[in-house]
Number of protein chains: 2
Amino acid sequence: MSGPTIYDVAAAAEVATSTVSRAFSQPGRVSAATRDRVLAVAAELGYRPNPHARALLSGKHHTVAMVVSDITNPHYFELIRGAEMRARVSEYTLLLVNAEESPRVEWEQIQRLAPAVDGFMLSASRLPDENLLQIAAQRPVVLVSRELPGIASVVLDHVEGCRQIVSHLASLGHRDLLYLAGPRNSWMAGTRWAALQTAAEQAGVSVRRIGPFTPKVNQGGAAADAALNAGGATALVAHNDLLAIGVLQRLATRGVRVPDDVSVVGFDDIFAADVCTPGLTTLGGAHVDVGRAAVELLLTAGSRAPEDQPRVALPTELVLRGSTGATT
Amino acid sequence: MSGPTIYDVAAAAEVATSTVSRAFSQPGRVSAATRDRVLAVAAELGYRPNPHARALLSGKHHTVAMVVSDITNPHYFELIRGAEMRARVSEYTLLLVNAEESPRVEWEQIQRLAPAVDGFMLSASRLPDENLLQIAAQRPVVLVSRELPGIASVVLDHVEGCRQIVSHLASLGHRDLLYLAGPRNSWMAGTRWAALQTAAEQAGVSVRRIGPFTPKVNQGGAAADAALNAGGATALVAHNDLLAIGVLQRLATRGVRVPDDVSVVGFDDIFAADVCTPGLTTLGGAHVDVGRAAVELLLTAGSRAPEDQPRVALPTELVLRGSTGATT
DNA sequence: ATGAAAGCGCTAACAA
DNA sequence: TTGTTAGCGCTTTCAT
């Protein structure tokens with residue numbers, strides 16, 4: 001069943017178990033000779049330290065959990081990859097948890113895992129603030145794509161990003177923008193709306209909002225119809241690329257030309273944005289770095305007071321493709 | 001730091017620790033009255049069983065690991081989601097491991113995790129057979145998108161799938177097919193080639209092979225050029241959708257019309273295949289079910305002898321889109 | 001039906 | 001530098 005233990009190694013190497021333990025965890029505190037012998041014997045026996053026993057005693061599990069709102073959103077790929085890479089460097093294991101857009105599922109999963117992980121990264125969490133605070137009280141937490149005083153966070157700089165979008169559209173002659181909003185319980189949806197308003201005001205253009213829409217491709221049809229129905233706008237800013245792509249498809253069906261009749265912008269720069277027709281202009285950013293930074297923050301979280309939890313805002317970049325053009 | 005233990009609960013409920021333990025793990029062996037009291041007290045105290053302590057003793061970790069060859073391949077989304085869903089039903093935790101297309105990374109991660117998980121699902125493993133057998137000797141293993149005698153596996157039925165592809169192309173008048181092969185250490189690449197040959201023979205058409213190519217979009221350019229250079233073929237079958245989309249892009253750049261001049265087929269039916277222009281005809285299948293089945297098999301693996309490890313082959317479906325058409 | 005007590009594999013005092 | 005020993009939180013005989 002399970003392999004050899006330190007007892008086996010200790011017996012074979014003719015030392016005490018504590019020496020074996022030290023040889024692994026504090027190599028400096030054993031003489032080079034014994035250490036080498038212990039390691040040699042351990043290797044020969046195929047000994048592997050049991051993480052559970054270690055965790056039970058030390059309280060450290062060398063495991064962090066990343067909770068994502070919906071794992072089928074391509075946008076998470078790079079995020080996960082970045083987190084995974086950073087975790088591996090520190091020999092941490094990354095636990096991936098899918099909340100399936102359900103706050104209840106998210107909460108339950110977190111509670112279940114809490115005793116077994118060193119901390120949580122909550123990405124685009126759908127949980128209300130007070131729940132986040134509760135969790136942060138038990139375990140170190142890093143928020144991704146969300147901010148809350150008292151909890152560390154990593155986001156792409158949506159304020160600057162929305163400014164980039166609006167200024168791009170304004171420079172193309174657009175004066176009436178329409179934001180196709182994301183879900184009500186999405187912090188990002190609210191924040192983007194606020195940022196768009198500010199940016200629009202500064203740029204001297206108008207922006208309205210419709211929605212909310214679930215950010216999936218199949219919701220794009222409804223969003224496009226609603227946008228057309230609202231009328232007046234020459235540029236549509238969708239909550240994310242998935243929704244934007246759905247909008248693009250529906251507009252094509254209805255014979256509305258993009259970008260001639262209307263321009264469309266998304267968020268996230270997912271792979272498909274580069275592949276659809278026309279290519280989708282979208283606000284991207286280094287999601288890999290977001291994942292990396294989140295783990296980084298989490299691993300160093302213990303040493304910080306609740307008051308000065310860092311808020312990291314990584315730069316965005318507006319990727320111009322065919323879906324935006326000058327007004328005619 | 002850590003929460004209340006069974007001792008706290010036992011003290012508060014005025015019972016022995018073993019009673020608390022039983023109340024949770026074997027509800028039938030405690031009187032209803034005490035059980036209710038214990039559970040009530042536990043809930044009040046916010047008691048959560050420590051998974052490590054439990055695992056240490058029982059050897060069961062309630063955790064399974066899914067190793068994927070490259071997590072940025074969209075094709076894995078549904079697979080992961082299916083696995084996650086099935087695992088959650090049994091209150092298992094899904095550990096996601098990214099091998100980054102590197103056999104060395106894959107091997108190291110598996111060895112590191114081996115003592116902490118109940119089993120592995122290896123998806124499109126790049127490891128040689130003997131390594132897989134070694135791993136299977138230590139822990140239950142389910143192969144995904146790969147088969148090996150003595151180890152359980154779940155695959156989409158590529159033999160039938162390749163027959164569907166060839167017969168579709170043949171019915172459109174194609175007589176010369178070209179397979180753009182995947183990586184050399186990909187079992188799927190070899191298997192698909194064999195299945196295509198068989199199917200081609202039966203359909204009375206010819207099929208050749210070029211490659212290998214790393215199955216990424218940016219390799220599609222080289223693949224397309226090589227295909228054009230090889231000449232003669234009227235239909236290209238790419239190792240997967242990523243490669244196929246790259247091919248599509250390169251062909252467009254070079255002024256080769258799809259499907260008028262050449263037809264293109266991919267594998268996996270990733271999201272982007274429905275979004276690119278023209279839409280990509282591709283061999284899809286219920287990847288969610290593959291993920292589900294993999295976990296299912298893994299959780300019931302202990303009870304089976306090495307000889308009769310099941311090989312599950314799930315049905316494929318050829319999704320017709322614009323990238324295939326009749327020869328002119 | 002319940003309690004007492006012995007570990008699971010490892011680490012961390014404390015001694016030597 | 002190395003050994004001894006007492007647990008970490010839980011399950012599981014073995015008694016009662």
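**View 1. Chain A side-chain and backbone contacts to DNA strand D.** In this predicted model, an N or O atom in the side chain of Arg22(A) sits 2.9 Å from a base nitrogen of DNA strand D. Ser31(A) works through its backbone: a polar atom there is 2.8 Å from a phosphate oxygen of DNA strand D.

**View 2. The surroundings of DNA strand D.** There are 26 residues around DNA strand D; Thr19(A), Ile6(B), Ser21(B), Tyr47(B) and Leu57(B) come nearest. Chain B contributes a base contact: a side-chain N or O atom of Tyr7(B) is 2.8 Å from a base nitrogen of DNA strand D. At least two residues of this surface come from each of α2 and α4 of chain A, and α1 (6–13), α2 and α4 of chain B. By type, the surface has eleven nonpolar, ten polar and five charged residues.

**View 3. The surroundings of DNA strand C.** Nearest among the 26 residues around DNA strand C are Ile6(A), Ser21(A), Tyr47(A), Leu57(A) and Thr19(B). A backbone N or O atom of Ile6(A) is 2.6 Å from a phosphate oxygen of DNA strand C. The side chain of Tyr7(A) places an N or O atom 2.7 Å from a base nitrogen of DNA strand C. From chain B, a side-chain N or O atom of Thr34(B) lies 2.8 Å from a phosphate oxygen of DNA strand C.

**View 4. The annotated span of chain A.** An unreviewed UniProt entry lists residues 4–58 of chain A as "domain: HTH lacI-type". This span is 71% helix and 0% strand, with its end C-alpha atoms 21 Å apart.

How values were computed: Residues numbered from 1 in each chain as written. Chains lettered and ligands numbered in written order. Predicted model: local features only at pLDDT ≥ 70, side-chain atom pairs only at ≥ 80, totals over all residues. Heavy atoms only, no water. Near = heavy atom within 4 Å. Polar contact = N/O pair within 3.5 Å; in protein donor to acceptor, adjacent residues only side chain to side chain. UniProt positions renumbered as here; feature names shortened; annotations may be inferred. Helix = DSSP H or I, 4+ residues; strand = E, 2+ residues; numbered from the N terminus. Nonpolar A, V, L, I, M, F, W, Y, C, P; charged D, E, K, R; others polar.
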